[in-house]
Protein chains: 2
Amino acid sequence: MTFKVTILGAASAKPSATRHQTSQLVNVAEQFFLVDAGEGVQSRLMRVGVNPMRLTAVFISHLHGDHLFGLFPMISSLGLMGRKQPLHIYAPNPFGEMLENHYRYFDPELPYEIVWHEVHTTQHELLFENNALEVWSIPLRHRVPTAGFLFREKPAGLNVDKEAIERYGLGVAQITAAKRGEDITLEDGRVVANGDITYTPRAPRSYAYLSDTNYSGKAVSLVKGVDLLYHEATYADDMRSDAKKRGHSTTLQAARAAVESGAGRLIIGHFSSRYKEPEVLVEECRTLFPESYLAEEYKSFEIEEKKLR
Amino acid sequence: MTFKVTILGAASAKPSATRHQTSQLVNVAEQFFLVDAGEGVQSRLMRVGVNPMRLTAVFISHLHGDHLFGLFPMISSLGLMGRKQPLHIYAPNPFGEMLENHYRYFDPELPYEIVWHEVHTTQHELLFENNALEVWSIPLRHRVPTAGFLFREKPAGLNVDKEAIERYGLGVAQITAAKRGEDITLEDGRVVANGDITYTPRAPRSYAYLSDTNYSGKAVSLVKGVDLLYHEATYADDMRSDAKKRGHSTTLQAARAAVESGAGRLIIGHFSSRYKEPEVLVEECRTLFPESYLAEEYKSFEIEEKKLR
């Protein structure tokens, strides 16, 4: 089952001829989620071969233009393309007002419904859930109300050990009961503990998106054990005091978040336009956390299935 | 002196991975004007080597998103870049309301002033004027109030014929008077008619932008003799009835506008996404008007100086 993050933009507020503002595509089991929506995101989605019509939901971390300006044009395009399926948008207040203005000036008659879910940026809440996935809000520390997002696979169901099935001569009803977590009573009256005959086939995978933010110990504690962590690193570490003032993080703060959360890999992004070659930023991260990577446009980060046996 | 139009986007409402919505850059004597502002226009300006900080004014034909969504992100970026010089924006009502909403949600403290000039889309009015140039509105026929724009060089001043200066022994005061258009009285009392010793060194150049619109005889009459005409051609001519309903034009209607206005060259654009290869559209135009060209992204159309002697 796919679990993949594709970078659609990683520049901070000032775009350039070649670098776009923050957007990411998260694919979990071929359901597509957009995280933030910098200008031009619809074209970049198409460029990575994903028609925006396929999006299930959009998650907006905060209402700064560099994370949002691409959403309204995409809303219009989906209307032109004849979308019928509702689009769920998770964003802080007052996104609803902006949406009303958009309808009023640009799309008085959209052929599909937009369902706005308010994100309470001080809460760690379950925002979205389907068979395979949960998405949780992560409170962040930026200049305006901001939340990150934790994408977490649901735990896989129990499998029953093949050897145990043979050894105890288990029937279909007993196997089904064991998969539900029940202990099994055999024909001869013996009881077999569920833990002795079942196993979890794979560990749930997870991805956390933390941008824009100062370093936050609370956020780190909420994403403990994450497989893949995106943490903004707007500046190199010599800019620590500017970063703090502007509600942003440095390379080493991002790396520290990765170390302290026990992340598998770190992606950094939201680079200030002052860094013409952001490679220097990732090098700095690697001094603290070797598994650090640059959020390069159109690059994908896949999380492999984590088989437990 | 430069007079150049650069295409920044020529797609109609639905953008694709590679084709952007309508925007053009007009350079007259190294003053830069943006005409319409489809999504992502700021990046495309940078890509053609023009920093958006250099824009003098923006002309918006109508308030549909595919001609406008790129303006608000650019307004924000200009603030981040520290623009001080006012930016003049010519657009129909209710652009002012949209601007107020933009300030409120995204840019409460811009470091520069935006001066909105309302374009009355039923009027043929002088909108903008500097030493070299006039810009006039051209009423168009679209589904919402829409105006095109006519960029017209001011007539060059009179030059005095070198041979005449020698023949009559004209002094500096007499030459200056002749340049003002006066007849000259020589020392011996003879009067030389101004027309006998002066000439206009070059004819004023002009560019007309007509989009989005049904074919309009009135618009054509207002751009008579234009050197370069941009006329939308959303559809091939077999789609004439759809074009009419949607407030758009076909290839042959654009070509007819070029023929009837006596244009030097025609650029067509605003292609429907149904045309994967818009070359077929320009071929159709050329059957009626051979000097027809495609609005290809990043292509420039220069109007050479028209020396009269």
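This is a predicted model: local features need pLDDT of at least 70, side-chain atom pairs count only at pLDDT 80 or more; totals for chains, interfaces and linings use all residues.
Colleague: How many of the 11 residues of α9(B) are buried?
Modeller: Buried means 20 or more other C-beta atoms, placed from the backbone, within 10 Å of a residue's own; 12 or fewer is exposed, and in between is partly exposed. Among those that pass are B:L252, B:A255 and B:S261. The helix is largely enclosed by the rest of the structure, because the buried count is 8.

Colleague: In what order do the 7 strands of the open sheet in chain A run?
Modeller: Strands pair if DSSP finds at least two bridges between them. The pairing here is mixed. β7 (126–129) and β18 (292–294) of chain A are the edge strands, each pairing on one side only. The order is β7-β8-β9-β15-β16-β17-β18.

Colleague: Which residue of β15(A) stands opposite A:F149?
Modeller: Strands β9 (147–153) and β15 (206–210) of chain A run antiparallel, joined by 4 bridges. Opposite A:F149 stands A:Y209.

Colleague: At what angle does α9(A) run to β16(A)?
Modeller: Angles run from 0 to 180 degrees between N-to-C directions, with axes fitted to C-alpha atoms, for helices over the stretch in contact. α9(A) lies across β15, β16, β17 and β18 of chain A. Its angle to β16(A) is about 155 degrees.

Colleague: Which element gives the most to the side of chain A that touches chain B?
Modeller: Contact means C-beta atoms, placed from the backbone, within 7 Å. Chain A and chain B each bring 24 residues. α1 (41–47), α2 (71–80) and α3 (95–105) of chain A give two or more residues to the side of chain A. With 5 residues, the one that gives the most is α2(A).

Colleague: In chain A, which residue has the C-alpha nearest the axis?
Modeller: Superposed by least squares on C-alpha atoms with pLDDT of at least 70 in both copies, chain A is laid on chain B with an RMSD of 0.2 Å by a turn of 180 degrees and a shift of 0.1 Å along the axis. The copies are therefore related as by a two-fold rotation axis. At 2.8 Å from the axis, the nearest C-alpha in chain A is that of A:G40.

Conventions
Residues are numbered from 1 along each chain as its sequence is written. Chains are lettered from A and ligands numbered from 1 in the order in which they are written. Two residues are in contact if their C-beta atoms, placed from the backbone, lie within 7 Å.
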